[in-house]
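Work through the exercises below with the sequence and the 3D structure at hand. Try each task before reading its solution.

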Amino acid sequence: MATATSRRSDRRISPVFLGIVAVTAVGGWAVWTGFSTAPGFAVFLFVTGAWVVSLCLHEYAHARTALHGGDISVGAKGYLTLNPLKYTHAMLSIVLPVIFVIMGGIGLPGGAVFIEHGRIRGRWKHSLIAAAGPLTNVLFAVVCTAPFWLHALDGVPAGFRYALAFLALLQVTAAILNFLPVPGLDGYGVIEPWLSHGIRRQIEPFAPFGLLAVFAFLWLPSVNNVFFDAIHAILRGLGVTEWDTYWGQRLYRFWQGTPDIPSLTG
């Protein structure tokens with residue numbers, strides 16, 4: 001009985017995560033209703049909260065897939081509770097991604113759930129565990145952009161529309177960056193099981209620096225322009241324009257003052 005109770009507690013949704021969801025909901029309500037006297041701050045709460053929720057779901061997807069793949073240790077580690085404080089590196093998984101959103105509007109992939117790969121048999125299972133996280137960002141992006149590609153924005157407040165667009169941009173950037181076949185990112189985790197042991201041994205020392213290398217390349221203007229051109233092309237295919245994402249980011253940066261947004265027909 002004690003073991004069964006323990007297992008249930010290992011999978012019970014954390015109050016920390018529920019608190020983040022509550023902050024997101026309050027922020028979204030304030031943006032929708034115009035309740036806040038500082039609309040930018042409401043957008044900041046809504047987008048940041050939703051971004052952290054997506055990060056938690058990203059890590060949960062890794063852990064849940066690993067559980068079904070054979071790693072039963074993820075429950076005892078608290079990964080199934082959606083509590084970001086249980087991650088191996090809360091700084092890497094939550095704090096840094098939020099900082100990079102504030103700094104540059106980039107959905108920096110986090111990630112630090114420790115999977116015991118020795119418990120998992122089969123290369124396909126390992127690849128699926130790695131892919132589960134960024135696929136969650138893809139799903140999140142589809143949900144955020146649904147009102148755009150379904151042409152269901154009539155009556156939606158402009159601030160909420162722009163906030164959704166900026167959140168969608170973060171999800172698309174996170175999905176693309178995560179799927180890059182760079183050591184340390186999920187994209188490499190997808191292909192790693194199919195590489196020879198010798199190649200994996202040679203690449204392994206570079207894994208801690210993969211994310212830093214990607215970020216350094218993104219600082220190069222030419223690379224940054226190509227990257228965001230690709231992001232905006234994807235978003236346009238989903239009905240989200242650069243107008244939407246631009247004003248969403250401007251509203252998000254409330255510390256710069258509330259922008260005077262022209263009308264959509266202006």
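A residue counts as buried under 20% relative accessible area, as exposed over 50%, and as partly exposed in between, with a 1.4 Å probe and protein chains only. The model is predicted, so local features need pLDDT of at least 70 and side-chain atom pairs count only at pLDDT 80 or more, while totals for chains, interfaces and linings use all residues. Residues are numbered from 1 along each chain as its sequence is written, and side-chain values use heavy atoms, with hydrogens and water left out.

**Exercise 1.** Decide whether alanine 174 is buried or exposed, and find what it is in contact with.

Solution. 
- Step 1: Locate the residue. Alanine 174 sits in helix 7, residues 158–178. Helices are DSSP runs of H or I with at least four residues, strands are runs of E with at least two, and both are numbered from the N terminus.
- Step 2: Apply the cut-off. The relative accessible area of alanine 174 is 1%, so alanine 174 is buried.
- Step 3: List the contacts (heavy atoms within 4.5 Å). Apart from neighbours within four places in sequence, alanine 174 is in contact with Trp51, Gly107 and Asn137.
- Step 4: Compare sequence and space. Asparagine 137 is 37 residues from alanine 174 in sequence, and their C-alpha atoms are 6.7 Å apart.

**Exercise 2.** Describe the ring pair of phenylalanine 44 and phenylalanine 254.

Solution. 
- Step 1: Recall the rule. Rings of Phe, Tyr and Trp (its six-membered ring) pair if their centres lie within 6.5 Å; planes under 30 degrees apart count as stacked, over 60 as edge-to-face and the rest as tilted. The structure holds 16 aromatic pairs.
- Step 2: Classify the pair. For phenylalanine 44 and phenylalanine 254 the centres are 5.2 Å apart and the planes are at 65°, an edge-to-face pair.
- Step 3: Phenylalanine 44 belongs to helix 3 (residues 39–69) and phenylalanine 254 to the segment after helix 12 (242–252), so the pair ties together parts 210 residues apart in sequence.
- Step 4: Check accessibility. Phenylalanine 44 has 16% and is therefore buried, whereas phenylalanine 254 has 32% and is therefore partly exposed.

**Exercise 3.** Classify the pair of phenylalanine 166 and tyrosine 252.

Solution. 
- Step 1: Read the geometry. The ring centres of phenylalanine 166 and tyrosine 252 are 5.2 Å apart and the planes are at 55°, so the pair is tilted.
- Step 2: Check accessibility. Phenylalanine 166 is buried at 0% relative accessibility, and tyrosine 252 is buried at 1%.
- Step 3: Widen the view. Ring pairs link Phe41, Phe44, Phe166, Tyr252, Phe254 and Trp255 into a cluster.

**Exercise 4.** Which residues does isoleucine 102 touch, not counting residues up to four places away in sequence?

Solution. 
- Step 1: Locate the residue. Isoleucine 102 is part of helix 5, residues 90–104, and is partly exposed at 28% relative accessibility.
- Step 2: List the contacts. Isoleucine 102 touches Phe44, Tyr252, Arg253 and Trp255.
- Step 3: Compare sequence and space. Isoleucine 102 and arginine 253 are 151 residues apart along the chain, with 7.3 Å between their C-alpha atoms.

**Exercise 5.** How many helices and strands are in the protein chain, and what percentage of its residues count as buried?

Solution. 
- Step 1: Count the elements. The protein chain has 12 helices and 0 strands.
- Step 2: Read the burial. Of its 266 residues, 46% count as buried.
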